[in-house]
Amino acid sequence: MVTRTRPWHGIMVATTLPFRDDLSVDYDAYAAQVARLLAAGCDGVVPNGSLGEYQTLTDDERARVVRTAVEAAGDGDRVMPGVAAYGSAASRRWAEQAADAGAGSVLLLPPNAYRAEPASVRAHFAEVASVGLPVVAYNNPFDTKVDLTPGLLAELHADGSIVAVKEFSGDVRRAYEIAEVAPELDLLIGADDVLLELALAGAVGWVAGFPNALPTACGTLYRAAVAGDLDTALPLYRALHPLLRWDSRPAFVQAIKLAMDLAGHHGGPTRPPRSPLGDEHSAVVRAATGKLLADGHH
């Protein structure tokens, strides 16, 4: 049995955000989604990440999403809002808003308006950490063009600026180097399609995408993986991987929302500039999801 000892541990679902047909936010549907995921055994939610389309939200919408998540969860420790912004002052304000709403931790990208050098990255994380909430760093060098290398992560942890890292580089070898240079820094799985590899390397959490659609199957996979139960984990990982790999592709939001619709949950539309999946990609997601559901994975 996996014991969750910190607010950022376990399966923290990077939630999609439901929109109505007019693309306004459906807060009631979002509250129901948060409650559904926790009832299915997920440990918490991450609102206002890329999967939640935070870049398209107004400030009022973004703040209300966090308040909705905390209220629906009934326990702020189960909510880790994304606080990414172009400027450090803005990220700090979002962290303050998360603290005021009662969230237990926040997820922070490095500066992403330009290719920031290490000193600027350290100042950025220190600014947000000064709010007082635990900060989980998000390493996504593909989209931010800033790589939080193991050495830089060790510096951020020594600064007292971060407690964990969501590792999205796809390079599973980094898990071992991070453990060597920053042994007290928690490793969180950041991409669904390297879940098994990073779980076996010592991850204590998963910032997850596809539990939005298949929470029970994903929960079984994660818990078997971190327990080293390969007899359970490996065949399930193979079965889920045709969907999990979409989490590392540009159309991941559309793919996960489509899988949710197919699984009987509300995925719905995305806001521009994201457009619906093309016919070819849609057919792939439909086939993979349909097979999983037919095989009893939910």
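1. The largest cavity in this predicted model has a volume of about 50 Å³, and a search of the whole structure finds 1 cavity of 30 Å³ or more. Here a cavity is a set of points, on a 1 Å grid over the protein atoms alone, where a 1.4 Å probe fits but cannot get out, whereas a pocket is an open set with protein on both sides within 12 Å along at least five of seven lines; lining residues have an atom within 4 Å of a point. A volume is the space filled by probe spheres set on the points, which are joined across faces, edges and corners.

2. Because this is a predicted model, local features need pLDDT of at least 70 and side-chain atom pairs count only at pLDDT 80 or more, while totals for chains, interfaces and linings use all residues. Residues are numbered from 1 along each chain as its sequence is written, and side-chain values use heavy atoms, with hydrogens and water left out.

3. The lining of the largest cavity is made by Glu167, Ser169, Gly170, Asp171, Val172, Arg174, Ala175, Val194 and Leu198. By class these divide into 4 nonpolar, 2 polar and 3 charged residues, where Ala, Val, Leu, Ile, Met, Phe, Trp, Tyr, Cys and Pro count as nonpolar, Asp, Glu, Lys and Arg as charged, and the others, Gly among them, as polar.

4. The lining of the largest pocket has 21 nonpolar, 13 polar and 6 charged residues. The helices (H or I, at least four residues) and strands (E, at least two) named in this note are DSSP runs, numbered from the N terminus.

5. The second largest pocket holds about 200 Å³ of space, and of its 13 lining residues the closest to its centre are Gln254, Leu258, Gly268, Pro276 and Leu277. Helix H11 (252–262) and helix H12 (279–294) each supply at least two residues of the lining, with the largest share, 4 residues, coming from H11.

6. Helix H11 is also largely enclosed by the rest of the structure, because 9 of its 11 residues are buried; buried means under 20% relative accessible area, exposed over 50%, and partly exposed in between, with a 1.4 Å probe and protein chains only. Among the buried residues of H11 are Gln254 and Leu258. Helix H1 (27–39) and H12 are included in what covers the buried residues of H11, where contact means heavy atoms within 4.5 Å.

7. Helix H3 (residues 88–101) has 14 residues and reaches 20 Å from its first C-alpha to its last, close to the 20 Å expected at 1.5 Å a residue, the expected span being 1.5 Å times one less than the number of residues. In H3, Ala90, Ser91, Trp94, Ala95, Gln97 and Ala98 are buried. Seen down the axis of H3, these buried residues fall within an arc of 155°, so they line one face of the helix; the arc is that of the directions from the helix axis to the C-beta atoms. The exposed residues Arg93 and Asp100 sit on the face turned away from the buried side of H3.
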